[in-house]
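Let's take a friendly walk through this model together. Have the structure open beside you as you read.

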Amino acid sequence: MREVGRQPLRHFLGVEGLSRETLTEILDTAEGFMAFGSRAVKKVPLLRGRTIVNLFFEPSTRTRTTFDLAAKRLSADVLNLNVEASSTRKGESLLDTLWTLQAMNCDMFIVRHGLSGAAAFIAAHVAPGVRVINAGDGRHEHPTQAMLDCATIRRHKGRFEGLSVAIVGDIAHSRVARSGIHALRTLGVEDLRVVGPKTLIPVGIEELGVSVYHVLERGLEGVDVICGLRLQQERMQGALLPSAAEYYRCYGLTPERVARAKPDAIVLHPGPINRGVEIESQVADGPQSTILEQVNVGIAVRMAIMSLAMGSHAGVAEDA
Amino acid sequence: MQQEGRIIQDVVQVAGLLDQMAVEIAERALACNRSPLHMIGVRTGGLWVAAALHRRLGLASPLGELNIAFYRDDFSQLGLHPSVAPSNLPFDVEGAHILLVDDILYTGRTVKAALNEIFDYGRPASIILAVLLDRGGRELPVAADITGVTMTLKPGEQAKLTAADELSLRLFQTA
């Protein structure tokens, strides 16, 4: 069930179930943080004295560094923990790691984990007052990525109603796609398409309110926004795809194919990009690409989500 | 939104107060050799007052807008205040003479937050504070340099500036 009305964010574990008001509040708040990169002091004192832990059980460069920078711009102290290389290797359980960190009086955990539901599991076990933000869990959700994609789209298009959006690639294994579908549908995108080979599109996905295309040229016809997805190399070993070259031949975003979309269409990609696999350099570096802009928007969106979550224990803010 | 109660007084001469404030600001800037003067209004009410003063003074430098939502000291009690419009200071704060404008001076916490934010843009040469109404009740050692009107409000009384056709200042008795 999708909730209605503005909910105070406690944890931010997924987009699914959040109301349009809540998502819009995140986008509006992010807009306020957008101009910070150009100031002399790129910081606000909102989270001064709070400790935020980047708890990454999976490798990540841009998500971790943008969370890191977002927390620092809110004046929080940040602990970057690459758990792959730490005590879990020595046999410590997830909860023991968590208790240890909690004993250091940390206020927020940013969690990336290979298993779906890991962030929710941690959220269920943290002390009251401690916040958890999902930075990607298995194939489940990557909600901050979806929100930064929506923020990028709104900056360019100014609205969601009436837009046609195509998400292209490995929908089946993509937490970015799953969060993106929930977010875009909730915000009012009616013509939402998923495009990819049959092996990479889950059966029954139409129930989420999307239409399925297997031919890229048709899926891109007249769209305002193209969201590319990273093709994970490991999928090639699972016999889901013949080869990267074959994938590029059918589903690579080339200038000719992008030309099927509206002339002012934008091309998003969460990165890291595989040039010549899911996207051609001419598109990735071209004028319609928002790939680098998304990195900066991502900082503002993560600042918004962290401050909304951290401030929510006081209940809903009121005018004073 | 706070509940508005019974109206107890309309301060009708807002335009007259603004005229008089503009004269005082011009005199003061001249006397202290604070030129060029850059004006900053605190969202939302302070920005209305600032825009009115900016017109009267005919300042060359564009009007700056400050949204102090990210600098408030009640974040841990109230959370983030809903705010859309970001701050925008369209001039170099470093070394500038600044006139900070707010509508109502009460506890002094907004002014403190505004000063903190301004300093994150640079180190100004000087800042003077102008307010339309000083309603008393200070919790911090803050005073205005230029005041439109001073009225000490009793407990349960609220002041609110609204901008329909023109600015109007009202006092309410809240329940």
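## A pair of facing residues

Which residue in S2(A) does A:Asn54 stand opposite? The answer is A:Asn80. Please keep in mind that the model you are looking at is predicted.

Strand S1 of chain A covers residues 51-56 and is joined to S2(A) by 6 bridges, with the two running parallel.

## The parallel sheet of chain A

Now widen the view. S1 and S2 belong to an open sheet of 4 strands in chain A, ordered S2-S1-S3-S4, and the pairing is parallel. Strand S2 (77-82) and strand S4 (131-137) of chain A have a single partner strand each, so they stand at the edges and one side of each is left without a neighbour in the sheet. On average, neighbouring strands of this sheet are turned by 15° against each other, direction ignored.

## Chain A as a whole

Stepping back, you will find 11 helices and 9 strands in chain A. Its radius of gyration is 19 Å, close to the 20 Å that the globule rule gives for 320 residues, so chain A is as compact as a globular protein of that length. Along the principal axes, the C-alpha atoms of chain A fill a box of roughly 55 × 50 × 40 Å.

Of the 320 residues in chain A, 55% count as buried. The chain exposes about 13100 Å², and carbon and sulfur atoms supply 51% of that area. Among contacts in chain A with a separation of 6 or more, 74% come from residues 24 or more positions apart.

Where the domains meet, 27 residues of domain 1 of chain A are in contact with 27 residues of domain 2 of chain A.

## The antiparallel sheet of chain B

Over in chain B, 3 strands form an open sheet in the order S1-S8-S7, with antiparallel pairing. Strand S1 (6-11) and strand S7 (157-163) of chain B are the edge strands, each pairing on one side only. From one strand to the next, the twist averages 30°.

S1(B) is joined by 5 bridges to strand S8 (residues 167-173) of chain B, and the two run antiparallel. Within this pairing, B:Gln9 has B:Leu171 in S8(B) as its bridge partner.

Two helices complete the picture. Helix H1 (residues 14-31) of chain B lies across S1 and S8 of chain B, running at about 115° to S8(B). Helix H2 (residues 45-57) of chain B packs on the sheet and touches S7 and S8 of chain B, its direction making about 55° with that of S7(B).

Definitions and conventions: Residues numbered from 1 in each chain as written. Chains lettered and ligands numbered in written order. Predicted model: local features only at pLDDT ≥ 70, side-chain atom pairs only at ≥ 80, totals over all residues. Heavy atoms only, no water. Pairing = 2+ DSSP bridges. Axes fitted to C-alpha atoms, helices over the stretch in contact; angles between N-to-C directions. Rg over C-alpha atoms; globule rule 2.2 N^0.38 Å. Buried < 20%, exposed > 50% of the residue type's maximum accessible area, 1.4 Å probe, protein only. Contact = heavy atoms within 4.5 Å. Areas by Shrake-Rupley, 256 points an atom, 1.4 Å probe, with all protein chains shown as cover.
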